[in-house]
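Visitor: I'd like to learn how to read a structure like this one. Could you walk me through it?

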Amino acid sequence: MTDKKLYRQRSKKKVRYGPDMRILIVGGGVAGLTLSALLLKRGFKPKLVERAPRLSKVGYVIVLWPSGSKILKGLGVYEKLLEKGCQFTSYYVSNNKGEILKTYTIEPVAEKYGPIISIYRPDLIDTLMEAVDPDIVQMSTTVEKIEQGADEVEVHFNNGKSGKYDLVIGCDGIRSRTRSQVLGDIPLTYSGMSGWSFWTDPKLSRTDGIVEYWGKGKFFGVWPTKDKLSVFTSVKIPEYSEEHLDNRIQKIKESFKEFGGIVPQMLEHLPDPNEIYFDTYNDIKLDSWSKGRVVLVGDSAHAILPNTGAGASMAMESASVLVEDLCRTDSRYVVNALKQYEQRRKPRVNKVQNQSRMMGKLVYSNSRLLSNLRDYVLKLYSNDLVYKYWDNLLKDPI
Ligand SMILES: Cc1cc2nc3c(=O)[nH]c(=O)nc-3n(C[C@H](O)[C@H](O)[C@H](O)COP(=O)(O)OP(=O)(O)OC[C@H]3O[C@@H](n4cnc5c(N)ncnc54)[C@H](O)[C@@H]3O)c2cc1C
């Protein structure tokens, strides 16, 4: 069809400009709430559906890079984040015996870009919710079926209702159903590592920064946030191995029995196994983040391994870029806007995902020779190099 014909055909249809577009967001996590808040701020009236019956009170510590947290400034809730979160000034790396190999200061990074903040995930969700009109959120709701037409998408919900939208945005996390509904079943990439997360007594460790213990193919990280201390562990586990609640405590103790420093004390005071969360560490790289009028944002599009603490920041950055592109389009050209969003975001996201995979190989090295060499080199790794590492991750436009 010629451009003229296409234009005439499009101009006969009702056009909804920017804020009048009918937008459905699936998933009320970090990406979905950031997106909703930014859209509302610009006069859009999206609808958000969340599968859970209430906004999550589950989770441990989330790290926010300045590139992600600064989005909260424009939403008027940055002060809340500072109140609820905690700012890192230092980063301590130990070997598995508990000997500190290196202490890094993060202050020069914070001076140039802004603070790196850790926050209890439910506190971040609450902070974002302060910038969202609760009337647009519908809990206990999920999408059963998505039918794409040329001009709109018809969505069927689990409550028997349906709706027509100019755009559907899947923010439903790493195991996104929106993704499988529109792009088919695409497997996650397993890192070979899995681990347990749990709360520990804040009196047991320092709280001015992250303390990490690097062993042979094992990792024990102690991450503070305000009045709380969480532990994030990794061990090499073959894919699909079973993990059982009844021997969870024994398994954790066994995995880190050779570790020193404060690890033995933390192992002595493990919480109830039901309060310990086990997860396999995966990421995903997709050829395309959208199909027609359905697009993915956050972990659904580009889940990142947890070791660099980048997932939430990348989700927030992606949400802000998509909103900019939606402000420059109308209901006819949404598909082009989605492609632009993807083109803009992919290089940065790929870089961070690759960095995360590389860090994983370094930290989780399973060879005694390599892990000894790593520990030796680390002692020589200056603060300047750590600054360069962060500068490289934060200097790019989002
Ligand atoms: C309960 C929970 C706890 C977490 N705890 C931590 C943590 O302690 N530390 C950390 O670094 N990261 C944690 N994460 C992951 C982290 O939030 C994400 O990696 C990152 O913030 C990217 O956010 P996201 O919005 O893309 O995905 P998520 O934050 O995972 O949000 C996805 C949202 O979509 C909802 N959802 C899923 N499927 C559907 C569906 N079919 N229909 C409707 N809604 C759906 C989920 O309930 C969730 O609210 C957690 C995620 C969840 C869901």
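Guide: We'll go from the whole protein down to a few of its parts.

Guide: This is a predicted model, where local features need pLDDT of at least 70, side-chain atom pairs count only at pLDDT 80 or more, and totals for chains, interfaces and linings use all residues. Residues are numbered from 1 along each chain as its sequence is written.

Visitor: How many helices and strands does the protein have?

Guide: Helices (H or I, at least four residues) and strands (E, at least two) are DSSP runs, numbered from the N terminus. Here there are 15 helices and 19 strands.

Visitor: And how compact is the protein?

Guide: The radius of gyration is taken over C-alpha atoms, and the globule rule is 2.2 Å times the number of residues to the power 0.38. The protein has a radius of 22 Å, close to the 21 Å from that rule for 398 residues, so it is as compact as a globular protein of that length. Its C-alpha atoms fill a box of roughly 70 × 45 × 40 Å along the principal axes.

Visitor: What share of the residues counts as buried?

Guide: Count the other C-beta atoms, placed from the backbone, within 10 Å of a residue's own: 20 or more is buried, 12 or fewer is exposed, and in between is partly exposed. By that count, 42% of the 398 residues are buried.

Visitor: Which residues of helix 13 are buried?

Guide: Among them are Val 334, Leu 338, Tyr 341, Arg 345 and Val 363. Gln 340 lies in helix 13 too, but counts as partly exposed because it has 17 C-beta neighbours inside 10 Å.

Visitor: Where does helix 13 bend?

Guide: A bend is the angle between axes fitted to the seven residues ending at a residue and the seven starting there. Helix 13 bends by about 40° at Lys 346, with Pro 347 following within four residues.

Visitor: How do strand 5 and strand 6 run?

Guide: Two strands pair if DSSP finds at least two bridges between them. Strand 5 (residues 90–95) and strand 6 (residues 100–105) run antiparallel, joined by 5 bridges. In their hairpin, with 4 residues between the strands, Gly 98 takes a positive phi near 100°.

Visitor: How many residues surround the ligand?

Guide: A residue is near a molecule if its C-beta atom, placed from the backbone, lies within 6 Å of it. The ligand is surrounded by 30 residues, and the closest are Gly 27, Gly 29, Gly 59, Gly 173 and Gly 298. Elements giving two or more residues to this shell include helix 2 (30–41) and strand 3 (61–64).
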